[in-house]
Amino acid sequence: MTTLSNSVTADTHSFAPAVGGEVRDFFALLKPRVMVLVIFTALVGMVVSDATVNPVIAAISLLMIAVGAGASGCLNMWWDADIDALMTRTAKRPIPDGRIRPDEALSFGIVLSVGSVLILGLASNWLAAGLLAFTIVFYAVIYSMWLKRATAQNIVIGGAAGALPPVVGQAAVTGHVGIESLILFAIIFIWTPPHFWALALVKSGEYAKAGIPMMPNVAGPDSTRRQIVWYTLLLAPLGLAPVFFGFGGWLYALIGVLGGLGMLAGAVQVFRLREGESERKAAMGLFAFSILYLFLLFSALLAEQGLGLYRAVVV
Amino acid sequence: MSDLPDGIRPLTPEEAQTRRKRSLAIALTLGALVILFFVLTIAKLGPQVLQRPL
């Protein structure tokens, strides 16, 4: 076992009292990049709700949604430490690298989960708190402990956890779940498979080494490519739904159309190019573009609803 | 260090620094929570909390 006191050389026959991990390693357990995405999508969920809410309460709610997401990421890293150690992408995470003990990560994740849910409930309402608790349990238990190692549909069903922040955001500022956040949920949910499978096509060797049944490893690359195209065909029109439901304006429509066409072009490239370096480039191209696509869609909503740039599209 | 149990050695300077940083982070987090609850309480009660008969 890698200990936390590797630097000790003076007396290797006695143990240091428990020191614990570094602060930055605990922060890394929260998957900060995922937290930023969660803050962003939950904020959009709040903004499209057109609710009048105290900005302090909205900010605290947003912070708690982010902390809850970080807590679920921490619990995921605690559970997945064994397979993280087998993949180069994840081997340097704090637990497999021996910088934080698993029991420390588990305690940290549980404390933050309970704390974020309780404070969100006190700050906003218990519907939002319940939805946040559901998101954490869905990601840490349903996805991490069960689906991820059991089925090739892991990221399809598990994608619900990543799609829920706008719903929690809307619930936090309005006290109910409306059609706006449900549409945003659907967009992220349908976006997740082509996004992750593009990466999985490139990293299938790593996933196979860790024994994770990703779609390319189970159904094969060709079937995965077909499914990427099908999901993208669904995603491109779905991405325009906010326009038809009256909360996406001209800017959103423009980005939705161009971005949807870009996604389709990327998916077709992944479907066509099946050999050598071009295969890898097409898959990584779609993976990168899918992030940009979702970011621009949500940024457009933020600009239109948050900065007053909304101009209705007559349909 | 005579006050340490058998088999337990004192912390190295690096380990002591790690522990100090972590203690500081916990203290700051607790302080932030105090501020958060205070601000939240004022926000929930609203400005009229300051306008009460003496």
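Tutor: Happy to; we will take helix 5 of chain A, then widen the view to its partners and to both chains.

Please keep in mind that this is a predicted model. Helix 5 covers residues 102-123 of chain A, 22 residues in total. From its first C-alpha to its last it reaches 31 Å, close to the 32 Å expected at 1.5 Å a residue.

Which of its residues are buried? The set runs A:E104, A:A105, A:F108, A:G109, A:L112, A:S113, A:S116, A:V117, A:I119, A:L120 and A:A123. The spacing in that list is worth a thought: an α-helix has 3.6 residues a turn, so residues three or four places apart point the same way.

These buried residues pack against helix 1 (23-29), helix 3, helix 6 (126-150) and helix 8 (165-174) of chain A, and also against helix 1 (13-45) of chain B.

Now zoom in on A:G121, which is found in helix 5 of chain A. Because it has 18 C-beta neighbours inside 10 Å, A:G121 counts as partly exposed; being buried would take 20 or more. Leaving out residues up to four places away in sequence, A:G121 touches A:W126 and A:A129. A:G121 also lies 9.6 Å from A:M64, C-alpha to C-alpha, although 57 residues separate the two in sequence.

Next comes the core. The largest nonpolar core has 92 residues, and those touching the most other members are A:L29, A:I65, A:C74, A:L120, A:L132, A:V168 and A:A198. Helix 3 of chain A gives the most to this core, with 14 residues. Another name on that list, A:A198, is in contact with A:I228, A:V270, A:A283, A:L286, A:F287 and A:S290, neighbours within four places aside.

A:V270 leads us on to helix 14 of chain A, where it is one of the buried residues. The buried residues of helix 14 pack against helix 9 (179-202), helix 12 (221-238), helix 13 (241-244) and helix 15 (276-306) of chain A.

Stepping back, chain A has 15 helices and 0 strands. Its radius of gyration is 21 Å, close to the 20 Å that the globule rule gives for 315 residues, so chain A is as compact as a globular protein of that length. Buried residues make up 48% of chain A. Chain B has 1 helix and 0 strands. A compact globule of its 54 residues would have a radius of gyration near 10 Å, but chain B has 22 Å, and 4% of its residues are buried.

Over residues 1-13 of chain A, however, pLDDT stays under 50. Where pLDDT is low, the predicted coordinates should not be read in detail.

Definitions and conventions: Residues are numbered from 1 along each chain as its sequence is written. Chains are lettered from A and ligands numbered from 1 in the order in which they are written. This is a predicted model: local features need pLDDT of at least 70, side-chain atom pairs count only at pLDDT 80 or more; totals for chains, interfaces and linings use all residues. A nonpolar core is a set of buried Ala, Val, Leu, Ile, Met, Phe, Trp, Tyr and Cys residues joined through C-beta atoms within 7 Å. A residue is buried if 20 or more other C-beta atoms lie within 10 Å of its own, exposed if 12 or fewer, and partly exposed in between; C-beta atoms are placed from the backbone. Helices (H or I, at least four residues) and strands (E, at least two) are DSSP runs, numbered from the N terminus. Two residues are in contact if their C-beta atoms, placed from the backbone, lie within 7 Å. The expected span of a helix is 1.5 Å times one less than its number of residues. The radius of gyration is taken over C-alpha atoms; the globule rule is 2.2 Å times the number of residues to the power 0.38. pLDDT is the predictor's confidence in each residue, from 0 to 100.
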